[in-house]
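Here are my notes for a first look at this one. Keep the viewer open as you go through the points.

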Amino acid sequence: LVVSDGEKSSDPSTARVVADRGADHRVGPGRTLETPSAVAAIARDGEVITIDAWSYEGDVAVWRANNLTIHGIGGYAHIVGDGSTSAQGKGLWVVQGSNTTIENVEFSRAKVTDRNGAGIRAEGAGLTLRKCSFHDNENGILAANNAASSILIEHSSFRNNGYGDGKTHNLYVNRVDRLTILFSSFVGAKVGHQVKSRAKHTTLMYNRMLDLEEGNSSYGIDLPNGGLCVVVGNQVHQGPRALNTGLVAFAAEGAIHPTNELYFAHKTLVNERASGTFVRV
């Protein structure tokens with residue numbers, strides 16, 4: 001706000017207004033429930049949960065209820081691993097309930113004994129993520145086999161995830177029914193892939209998969225078991241330090257699904273290695 005009489009103006013004054021659409025539980029410092037894990041333990045099917053923008057270090061959770069909506073307000077609610085604590089030995093959040101929506105939450109520094117700690121371990125049937133951030137985890141997201149599951153990711157970012165052994169990735173989705181990723185970025189996976197999907201149906205539209213100058217990822221997009229895959233309008237960049245000569249791979253481990261088709265259009269692919277293959281089918 002600036003007040004002016006037409007000749008002189010006041011110094012700017014700024015106020016932050018947070019729009020809260022209403023919630024069954026509100027989480028944050030000074031509230032009755034101060035941590036996400038506290039509400040995860042009591043949440044019931046269909047509830048809406050808001051988490052105040054704050055750094056919740058070492059606070060890990062297992063979400064078992066179905067049809068939950070969880071969203072950070074006032075900025076990112078930041079779930080930070082402390083290097084010694086994990087949910088069920090799997091990561092920061094284990095989502096076991098079905099049809100979970102998570103918005104405006106940041107996940108970082110997930111670390112577990114078997115070196116594949118995920119920001120989110122997705123086990124339920126159905127997960128939607130909007131405006132979430134995953135960085136510096138051993139896996140950004142690791143989704144378990146679930147033939148009934150559909151995963152949607154929009155306007156989210158994945159950066160510097162991976163243990164560095166080639167078995168962990170910015171995003172790794174196992175055999176689910178459907179994976180859809182829109183308007184998101186995947187940058188600097190550590191040795192692993194930017195996006196790896198074994199889904200029966202995979203749709204990747206208008207995303208960025210980038211090594212940047214110092215990146216050492218493997219594939220930008222890996223679709224190891226084929227499936228019905230629509231890959232449109234993405235940018236894939238492989239830097240000079242990339243550890244794999246290929247940018248995009250389809251059915252490299254065998255086309256196992258009833259339908260195995262790749263629709264690949266309107267892409268920009270940049271390879272800065274001395275040699276390489278843009279698309280391997």
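1. Let's start inside. The largest cavity is lined by A122, E123, G124, L127, A143, A144, N146, S149, I151 and V176. Strand β14 gives the most to this lining, with 3 residues. A cavity here is a set of points, on a 1 Å grid over the protein atoms alone, where a 1.4 Å probe fits but cannot get out, and lining residues have an atom within 4 Å of a point. Strands (E, at least two residues) are DSSP runs, numbered from the N terminus.

2. Before going on, a word on what you are looking at: this is a predicted model, where local features need pLDDT of at least 70, side-chain atom pairs count only at pLDDT 80 or more, and totals for chains, interfaces and linings use all residues. Residues are numbered from 1 along each chain as its sequence is written, and side-chain values use heavy atoms, with hydrogens and water left out.

3. How many cavities of 30 Å³ or more does a search of the whole structure find? The search turns up 1, and the volume of the largest cavity is about 40 Å³. Volume here means the space filled by probe spheres set on the grid points, which are joined across faces, edges and corners.

4. Strand β8 (residues 100–103) pairs with β11 in the parallel sense over 4 bridges, and T100 stands opposite L127 in β11. Another 4 bridges join β11 to β14, also running parallel; here T128 has L152 in β14 as its bridge partner. L127 also belongs to the cavity lining from point 1.

5. A second open sheet, of 9 strands, runs β4-β7-β10-β13-β16-β19-β22-β25-β28, again with parallel pairing. Look for its edges at β4 (61–63) and β28 (277–280), each of which pairs on one side only. Strand β25 (residues 246–250) is joined to β28 by 3 bridges, and G246 has T277 in β28 as its bridge partner.

6. What about the largest nonpolar core? It has 55 residues, and those with the most contacts inside it are W63, W93, I102, I120 and L171. Strand β7 (residues 91–95) supplies the largest share, 4 residues. Such a core is a set of buried Ala, Val, Leu, Ile, Met, Phe, Trp, Tyr and Cys residues joined through side-chain atoms within 4.5 Å. In soluble globular proteins, nonpolar side chains tend to be buried together.

7. Zoom in on I120. Not counting residues up to four places away in sequence, I120 touches W93, V95, I102, F107, L127, L129, F134, G140, I141 and L142. Contact means heavy atoms within 4.5 Å.

8. Is T203 buried or exposed? T203 counts as buried, because its relative accessibility is 17% and the cut-offs are under 20% relative accessible area for buried, over 50% for exposed and partly exposed in between (1.4 Å probe, protein chains only). T203 is in strand β20 (residues 201–205). Leaving aside neighbours within four places in sequence, T203 is in contact with L179, T180, I181 and V230.

9. Two backbone spots deserve a click. Most residues other than glycine have a negative phi. R115 has a positive phi, near 70 degrees; R115 is in the loop between β9 (105–108) and β10 (118–122) and is partly exposed at 45% relative accessible area. H155 also has a positive phi, near 50 degrees; H155 lies in the loop between β14 (146–154) and β15 (157–159) and is partly exposed at 46%.

10. Last stop, K131, in the loop between β11 (127–130) and β12 (133–135). Leaving aside neighbours within four places in sequence, K131 is in contact with Y76, N104, V105, E154, H155 and S156. H155 in that list is one of the positive-phi residues from point 10.

How values were computed:
Pairing = 2+ DSSP bridges. 1 Å grid on protein atoms, 1.4 Å probe; cavity = no way out; pocket = protein on both sides within 12 Å on 5 of 7 lines; lining within 4 Å.
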